[in-house]
Structure formats: structure tokens, C-alpha cells
Amino acid sequence: MKAWRTALIALLCTGLALALGAAMRALPEFAVRLPVEVTANLDVSGVAHPVTAVLLNFRGYDTLLEVAVLLLALLGVFALSRHASGHAHPAAPAHPVLQTLARLLAPLMVLVAGYLLWIGAYAPGGAFQAGAVLAAAGVMLRLAGLLPAWAQPGRLLRGGLALGLLVFLAVAVAGLPQGELLHYPPVLASPLILLVEAGLTLSIGLTLAGLYLASAGWRQ
């Protein structure tokens, strides 16, 4: 009986996949070629790399919401950590070789994050990549026993977590006098995007690291 049920489900899934594929092939050709449009407007985007132009300018609303979702996820982890605080597990002492290696690598990772932030305007990189490297440095320091687990964030840490979102919102609202939310004046587009990405790098790094550090004290 189970074999028949499995075969029926597989058959239905296959039919659904084929129907979706046929529907996609039957769609009319797009009237707007997005790569062409991005290339045509790249000069007024404030950056020279099309991916950064899309994420921070042409499609900035999505990026703004993504940062908010990351922050909400971390707030959920903090909420869970309150209930799990009675089941905390102290971190095992790390090997001295690991601690020495972490001390050597952490400054280099911060330097790499800064480079990724700066080069994002001209080549692959940007705030998310730079923030991920910063977060990896924080996790590495925690695993080496050089960084304590987070309990509840203090005022300074809360400010760092919210900095990127607040800067992004401030720049977005500043465009309202021109009649559009998240509008960059062509003359100021480049420095404004760099300002937003700098704030996002710090906040994304702290948020991604916090998803581990906030629960590192109570996970087995």
C-alpha cells in the first residue's frame, strides 16, 4: 500500500513539474530586458558594478527589508535565549594553538571585510559579503574561547545592530523631497551608497555573528 502511495505522489509531482515547465515555456517574451536597462542606467546609479547598483539603488526596497528580516531573526534568538538561560553550557577551553591562530586571523579578516566593502562599488563584494566575513571572525573568536557568548545586548551593541537599518531608512526618507522614497540624487549617489553599505557591514556582521553568539551559551 505504501509503495502505491509513494508511486502516486511521485507521479503527481512529476506531472506538476512538467505542467510548470510547459507554462514557463509558454510565457511571452519579456518586453523589458533587465540587464540592458541596468547597463543603460549604471552611470547614474552611483556605483560601477551592476549587482551593487541593483541591490542598493534600483532594487533598494528588497535589500532594506532583507536587513530588517535578519534583525528580526536575531531578536527571536534573544527571546529564545531568555527561556534557555537556565540550561547554559559553558564553552570548553580552546587549545592555545587555536587561540593564537584566531588572534592572528581576526585582524586579517577585518581587513578583508573592509576591502570587500570598498571594492563592492567596482567589483563583486559589498556589505553582505563584508558582513559575513566579520561574522565569521566573531564566531572564530568564540570557538577559540576569546569572545564570550551574548546574553542580552547592551546599549552599544544594540546601537551597532540597528545602525545599518537606521542609516538605510534615513537615506530612504531623505529622498522624499524629490518625490520618491529611496531616491539618490546623482551627485550624491556614490557617497550615500558607501555610507549605507558601511552601516550595513557593521550591522550584518553583528547580526550574523549574534545568531550564533546569542545561543552559544545554552546550546549543547
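Helix α5 (residues 96-119) holds 24 residues and spans 35 Å from first C-alpha to last, close to the 34 Å expected at 1.5 Å a residue. That expectation is 1.5 Å times one less than the number of residues. Before you dig in: this is a predicted model, where local features need pLDDT of at least 70, side-chain atom pairs count only at pLDDT 80 or more, and totals for chains, interfaces and linings use all residues. Residues are numbered from 1 along each chain as its sequence is written, and side-chain values use heavy atoms, with hydrogens and water left out.

**Exercise 1.** Work out where α5 kinks, and what its buried residues pack against.

*Solution.* 
- Start with the bend, the angle between axes fitted to the seven residues ending at a residue and the seven starting there. A kink of about 25° turns up at Leu105, shortly before the proline Pro107.
- Next, pick out the buried residues (under 20% relative accessible area with a 1.4 Å probe, protein chains only; exposed is over 50%, partly exposed in between). They are Ala102, Ala106, Met109, Ala113, Leu116, Leu117 and Ile119.
- Finally, look for their partners, with contact meaning heavy atoms within 4.5 Å. The buried residues of α5 pack against α6 (127-143) and α8.

**Exercise 2.** Find how α3 and α8 are oriented, and which residues make the contact.

*Solution.* 
- For α3 (residues 50-58) and α8 (residues 189-213) the angle is about 90°, with the axes 11 Å apart.
- So α3 is roughly perpendicular to α8, a label that covers 65 to 115 degrees.
- Now list the contact: α3 brings Thr52, Leu56 and Asn57, while α8 brings Ile193, Val196, Glu197 and Leu200.
- Sorted by class, that's 4 nonpolar, 2 polar and 1 charged residues.

Methods
Axes are lines fitted to C-alpha atoms, for helices over the stretch in contact, and angles run from 0 to 180 degrees between N-to-C directions. Helices (H or I, at least four residues) and strands (E, at least two) are DSSP runs, numbered from the N terminus. Angles under 35 degrees count as roughly parallel, over 145 as roughly antiparallel, 65 to 115 as roughly perpendicular and the rest as oblique. Ala, Val, Leu, Ile, Met, Phe, Trp, Tyr, Cys and Pro count as nonpolar, Asp, Glu, Lys and Arg as charged, and the others, Gly among them, as polar.
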